[in-house]
Amino acid sequence: MPLQASYCKHTLNFKFDAGTSRGILKTKDSYYIKLHDSQTPETIGIGEAAPLKGLSIDYKPEFEPFVQVFLEKFNTEGLEIADIQAALSSELFLAWPSIRFAFEMALLDLQNGGKRIYFDNDFTNKKDAIDINGLIWMGDEAFMSRQIIEKLKGGFRTLKMKIGAIDFDTEYKLLKSIRSNFPADELTLRVDANGAFTLEEATAVLKELKKLDIHSIEQPIKANQWENMAKLCQETPVPIALDEELIGINGSEQIKLLDAIKPQFLIFKPTLLGGFAATDNWIALAKERNIDWWITSALEANIGLSAICQYTYSKNNLLPQGLGTGSLFENNVSSPLDVFQGAISQNGENDWDLAGLEFY
């Protein structure tokens, strides 16, 4: 049956100024895509497109106009599921990964009865949880220290600290303080530089981080410096995880990138990569090269976050994942997602509540 589509823009407000090496985040926009069959309008599939400023290749002024034009065409032509899937696989949508992801989500939800079930597994059915890292945002020393204390009290056994925004000496002092109280067999420490360092700076930083038994560093230098990143990965005393490096890379370029750089880890953000099918492709390439990986959210609201959690659980990857971002926003969509003792589950008291979201 032909489907109808509509969308809703939702501006999420951070509970605090979220600092990264690319600047401060105070708000971010998500766009929810709703699909339904005109004969059964009460059953709806919901997906989330959440392009992220400074990262997403589709974060640009043309984003919302493109959504509007595509949905108008969609509704006029009366597309069916197979038509949508074919359109999303076309070259056009390589430039719009978060929109591709949103439609992929919405189709899965609709096909599973419109209950926010994207993958039917023990996570979705409230029987199991996913271990996650506690994220420490950039800020002044006191702010970062408060976050560290809060995460440790919350039972996290893996912390990820963003570095590169304040001076490294201060960041190193914080990391050293944590490690002096919690050895590596009790607490795993990851760091994320978001491309903050030059090659020379990164080389020096890696030597210092080695002293603290750091598990890994994400993206020590900016993306698209394959030769420099390959040099770092070859010589590094601390395992390197590629993150931003993967964004906008498709087809044969994926193989070229992995074979040129030879990273120790890969980090997958489905919103930035183009959805679950696109992430599946990266996972297959990683497996062929014995590269381990984990999945991270990209500041989606709870709708996108839940779908990513369900997908992640289906992959049976036992490393702590980067999925604890739902509590960052004051006005997130109400959901059953819950974080307890360093793990995320769908055992929360709330149920899905889309009230207040106005679709056009």
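Tutor: Let's start with axes: they are lines fitted to C-alpha atoms, for helices over the stretch in contact, and angles run from 0 to 180 degrees between N-to-C directions. Helices (H or I, at least four residues) and strands (E, at least two) are DSSP runs, numbered from the N terminus. The model is predicted, with pLDDT of at least 70 needed for local features and 80 or more for side-chain atom pairs, while totals for chains, interfaces and linings use all residues. Residues count from 1 along each chain as its sequence is written, and side-chain values use heavy atoms, leaving out hydrogens and water.

Student: How do the axes of helix 5 and helix 6 cross?

Tutor: In general, two packed helices are described by the angle between their axes and the distance between the axes. Here, helix 5 (residues 168-181) and helix 6 (residues 199-210) have axes that come within 11 Å and cross at roughly 20 degrees. That makes the two helices roughly parallel (angles under 35 degrees; over 145 is roughly antiparallel, 65 to 115 roughly perpendicular and the rest oblique).

Student: Which residues make the contact?

Tutor: Contact means heavy atoms within 4.5 Å. Helix 5 brings Phe168, Tyr172 and Leu175, and helix 6 brings Val205, Glu208 and Leu209.

Student: What about the strands, in which order do they form the open sheet?

Tutor: Strands of a sheet pair through backbone hydrogen bonds, either parallel or antiparallel. Seven strands here form an open sheet in the order 5-6-7-8-9-10-11, with parallel pairing (two strands pair if DSSP finds at least two bridges between them). Strand 5 (134-136) and strand 11 (292-295) are at the edges with a single partner strand each, so one side of each has no neighbour in the sheet.

Student: Which residue is the bridge partner of Ala241 in strand 10?

Tutor: Phe265. Two bridges join strand 9 (residues 240-242) to strand 10 (residues 265-268).
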